[in-house]
Amino acid sequence: MNADVLEKPTVSVPPASGEPEDERTVVKRAKSGDMAAYDELVRRYEERIYATVYHMTANHEDANDLAQEAFIKAYQALNSFKGDSSFFTWVYRIAVNKTINFLKQRRNKAHLSLNDLDFNAEHDPDLVALISDKTPRRDVNLSELQQKLNEAMQKLSEVHRLVVTLHDIQGLSHEEISKIMDCNTGTVRSRLFYARQQLQAYLSDYLK
Amino acid sequence: MNSSPEDFEGLRRLLALKRHEQPPPGYFDHFSDKVIARIEAEGLVMRSSWWQRLFPELDARPVLVSAYGLVIVGLLVVGLGASQSLETAESASPVLASPWLGPTPAPTEVALTPIDPSARQMIGQSDSRSSFTPVVSSTAPSFLFDVNQWKTRGNLGLTDYAVPAP
């Protein structure tokens, strides 16, 4: 996929369901120069944007820079945002494009800088089951598993990593991903299938 | 191509681990502040006029828009009514007709006193130009500076002043 195609955040997408009703109002206020309104928009989506970039780069510092730059670029281009799509989808596209361009330049120079696992990880039923029951290497700890998982993710191409990140980690639907990646849902599904196959192969030692 | 969930159940569980990777505590407390600070530092802040700022506000508040429209319509109606009542009053009573809007009265003629013939003779004019007629002359009358002419034109003569001896 050409990253330049994603660079144009002009696709007409209806607002996502469950979106706050007054997002358009906040965007209009931000467009009129109200910095408090833009601050509110950043606060709404900062965690999701950061998380996506982080899972793509596996580097906290890069994710920090790229997420900030994505919001700055979105502000610069705010007047070109017509409101046909949700602001969330629009800013997501900007962040994804920035990240893909960054990864293309950084290729073969990946350096992992992983965030710590939160306290809940040890109690996550899926992870508990994975480690205690089905993992052949039962002595593995969560940190090691985290390291191997991120290394495997970095072996995927950018678009395949993006699909896995958005669907399997962030929980976005195929439709939402297709809007962000500017492709049809069939392409999203096929990329997701291929990416999972690749990951399964890389992580076979840690899976049943 | 089938990607049924059970095919990747183990992988799905493993990927759940990624959701637990979190930035340092408090990381998002100042994230937006940093973004805004960078926007301001790079001089990207959009400035808008009060008019541009007003429109989003109006757009956001339909009640305010309606009230604004009603005020405008009300002012128009009041203005129209006032102008019609003025016209009616003017036609009904000529006294009330606005004097300041009526025709300007013709200027009254000022009766000019004819110039005394002796004075006219003195200044050497024979016509009857009024004082409103500007006198344009490039030179002053010669008799003003000739003592001999004074004698011939009137009863003018030299006067001796005798200074009494002390």
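This is a predicted model: local features need pLDDT of at least 70, side-chain atom pairs count only at pLDDT 80 or more; totals for chains, interfaces and linings use all residues.
Helices (H or I, at least four residues) and strands (E, at least two) are DSSP runs, numbered from the N terminus. Just after α3(A), Ala58(A) adopts a positive phi of about 55 degrees.

Residues are numbered from 1 along each chain as its sequence is written, and chains are lettered from A in the order in which they are written. Local features need pLDDT of at least 70 and side-chain atom pairs count only at pLDDT 80 or more, whereas totals for chains, interfaces and linings use all residues.

Turning to the contact between the chains, 49 residues come from chain A and 35 residues from chain B, two residues being in contact if their C-beta atoms, placed from the backbone, lie within 7 Å. On the side of chain A that touches chain B, α3(A) gives the most, with eight residues. Strand β1(A) (116-117) is among the elements that each supply at least two residues to that side. Two bridges join β1(A) to β1 of chain B (residues 21-22), and the two strands run antiparallel; pairing requires that DSSP finds at least two bridges. Here Leu117(A) stands opposite Glu21(B).
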